[in-house]
Amino acid sequence: MKNQITSLLKGRFAIYSTLLLLYLTLSFLLRICLFVWSIGDIEFSIIGLTRIWLSGFAYDIFVGLSFFLVYLIYLWLLPKPLIGTILDKILTYACLSLSLFILLFSLVAELPFWDEFGVRFNFIAVDYLIYTYEVVENINQSMPIPIILSALLSFTCLILWLLSHFGKSRECFNSKTGFINRSKFVVPNLLVFTLLIYTLNNKIADFSNNTALNELGKNGTFSFFAAFRSNELDYKQFYPQLDEKKAYNILKKELLQDNQQYTTTQWDNLTRITKGEQEKRPNIIMVSIESFSADFLQAFGNKQNLTPVYDSLAKESVFFTKLYATGTRTVRGMEALTLCVPPTPGNSIVRRPNNDNIFSVATILKAKNYKPYFIYGGDGYFDNMNTYFGGQGFDIVDRDRGNPLSEKIKTKRFNIEDDEVSFENAWGICDEDLYAQSLKYADFNHQLKQPFFQFVMTTSNHKPYTFPTGTIDLPQGHRPGAVKYTDYALGKFIAAAKQKPWFKHTVFIIVADHCASSAGKWEINIDKHHIPAIFYNLGVEPQRIDKLSSQIDVLPTLFGYLGWNYQTAWYGKDINRVKPGEERALIGNYRTLGLLKDSIFTQIDDRKRIIQFKLSPNQGMEELSEANMPLIEQTIANYQTASERFKNGKMKVK
């Protein structure tokens with residue numbers, strides 16, 4: 001039997017076995033590369049290091065078998081008389097060329113993805129496949145795609161040539177092994193493949209609290225398809241729970257502030273009346289800046305002078321100094337800033353079906369006769385943004401370069417025309433052109449004496465980090481230059497707005513959607529969620545809000561300053577009315593959710609694990625040995641009820 005297998009390896013299956021070994025070798029080398037890349041984030045232990053190589057090898061075997069499964073079955077089933085014929089050679093090289101190119105591409109693509117996110121392929125990679133225009137253009141503008149593709153094609157051809165040069169092709173085509181003998185090789189391969197398909201899942205690699213270790217033990221291709229299968233996560237199935245009435249009882253006590261009262265005694269109704277005094281109704285322009293981390297600001301220790309405008313505005317504004325983004329993607333920032341709810345697991349509500357007519361900022365604004373706009377310099381079908389904002393009653397202003405048949409917009413849509421664009425890249429027009437749209441629609445509504453709210457989403461601080469030439473003194477193609485250009489454009493916008501008759505009656509909220517990076521040691525790296533926010537031109541003395549706060553608190557806090565009377569079902573709170581010791585920030589990613597309070601971070605995940613960490617002044621985290629049950633229950637109550645409310649339509653406006 002052993003001699004027969006050896007004969008097959010040197011015969012009909014010589015190419016197959018060589019390529020499988022090649023893939024395992026390349027995957028091993030990639031893991032070493034990523035290991036060295038992330039060495040500063042790795043917690044070293046014999047068990048941990050052993051596990052990443054063992055689990056990684058299992059994933060690699062499965063993916064290698066998957067890449068060449070079609071070729072293996074072909075080798076198995078091709079009738080003996082056809083072996084070595086022209087047809088056999090054409091089919092073999094066609095199959096191998098495609099498989100090898102995809103294999104090499106998947107390995108190379110992991111490098112920029114790891115650089116951006118610090119993880120293997122996940123749901124973000126799945127999402128990017130949907131929006132091919134933006135992604136392809138972004139890659140093309142960020143990297144020398146023709147060179148990369150040419151290199152991959154060259155390597156593919158080189159491997160095929162080496163197979164021929166070292167006689168593997170000759171062995172494969174000259175072997176006239178019968179079906180029975182071929183089965184002795186193929187069946188064990190298929191059994192291993194079947195065993196792994198039923199035993200492997202991505203959670204096996206998630207054995208520690210250290211993200212780098214967990215991700216190194218995975219395989220990017222396997223992780224991609226795992227994410228594809230689980231792009232939605234059901235809270236009840238995967239996360240720790242409380243009795244539903246207890247969860248609502250905890251939440252309702254937490255949410256109620258001293259100027260509020262519930263409208264009903266119904267146990268699962270969060271609707272409450274907020275009482276204000278001397279209402280002011282200025283126009284509101286909310287600028288959500290792409291990837292604008294707090295550590296870009298001089299106020300938080302940055303010495304590069306990247307944000308002189310924002311730093312100057314902060315000194316004249318209400319300035320949030322301990323504000324945390326709920327997530328790591330733009331759609332999470334949009335969700336938090338417009339719905340004021342925690343980041344429910346899986347996809348953001350912005351990207352989910354049946355997300356129209358939710359209680360949002362538009363609900364409150366329309367009751368006060370405001371006209372809400374969503375202004376975006378790219379194509380708003382990306383990430384379902386137009387459908388989401390349109391479903392809440394926003395009019396849409398976007399580039400509209402695509403033609404998605406599935407897009408459903410219930411409100412007006414205004415296109416940004418070519419003659420209004422001086423510069424654009426894969427993600428949309430430059431910030432200067434975007435702000436021109438904001439000014440345009442502000443002028444329009446002012447003439448109509450119509451109060452307005454604008455949600456303005458910038459894109460310049462995003463790869464490929466390109467912007468109009470001659471604007472700043474830093475080069476294009478790198479983050480620092482994009483940050484400085486973003487700040488420069490903001491300065492021009494404010495300067496232009498000051499010349500408008502509506503300026504003195506307009507408040508500007510300037511806030512980040514998320515940080516520039518989320519990678520680090522932990523599943524959730526809290527310092528990678530710290531973002532700035534200011535209320536500019538509010539008509540109050542400049543002040544700093546040094547309380548711990550969340551993105552979901554931004555609008556309730558603004559409405560507190562404006563003295564608004566309104567109904568709310570939000571999870572966000574007026575931070576100025578939060579009692580000392582009650583401040584908290586809700587922070588999450590796709591799978592892991594957490595609550596930061598009293599320097600304790602309570603974390604829950606889709607394995608029903610509950611972990612608590614003590615946060616040190618330098619943002620280090622140490623796992624607590626004793627559970628703080630009140631914080632655990634508060635964490636679960638927030639996320640369990642938010643997930644249940646969206647799923648069962650309780651977030652909808654009645």
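How many helices and strands are there in the chain? The chain has 22 helices and 20 strands, taken as DSSP runs (H or I, at least four residues, for helices; E, at least two, for strands) and numbered from the N terminus. This is a predicted model: local features need pLDDT of at least 70, side-chain atom pairs count only at pLDDT 80 or more, and totals for chains, interfaces and linings use all residues. Residues are numbered from 1 along each chain as its sequence is written, and side-chain values use heavy atoms, with hydrogens and water left out.

**View 1. E215 and K218 form a salt bridge.** A salt bridge puts a side-chain nitrogen of Lys or Arg within 4 Å of a carboxyl oxygen of Asp or Glu. Here the closest N and O atoms are 3.0 Å apart. Both E215 and K218 are buried (buried, under 20% relative accessible area; exposed, over 50%; partly exposed, in between; 1.4 Å probe, protein chains only).

**View 2. D258 pairs with R577 in a salt bridge.** The N to O distance is 2.7 Å. D258 sits in the loop between α14 and β1, and R577 in the loop between β15 and β16, 319 residues apart. D258 is exposed at 59% relative accessible area. R577 is partly exposed at 35%.

**View 3. R399 meets E424 in a salt bridge.** N and O lie 2.9 Å apart. R399 is in the loop between β6 and β7 and E424 is in strand β8, so the pair ties together parts 25 residues apart in sequence. R399 is buried at 8% relative accessibility. E424 is partly exposed at 29%.

**View 4. Salt bridges link E254, D553 and R584 in a network.** The structure holds 29 salt bridges.
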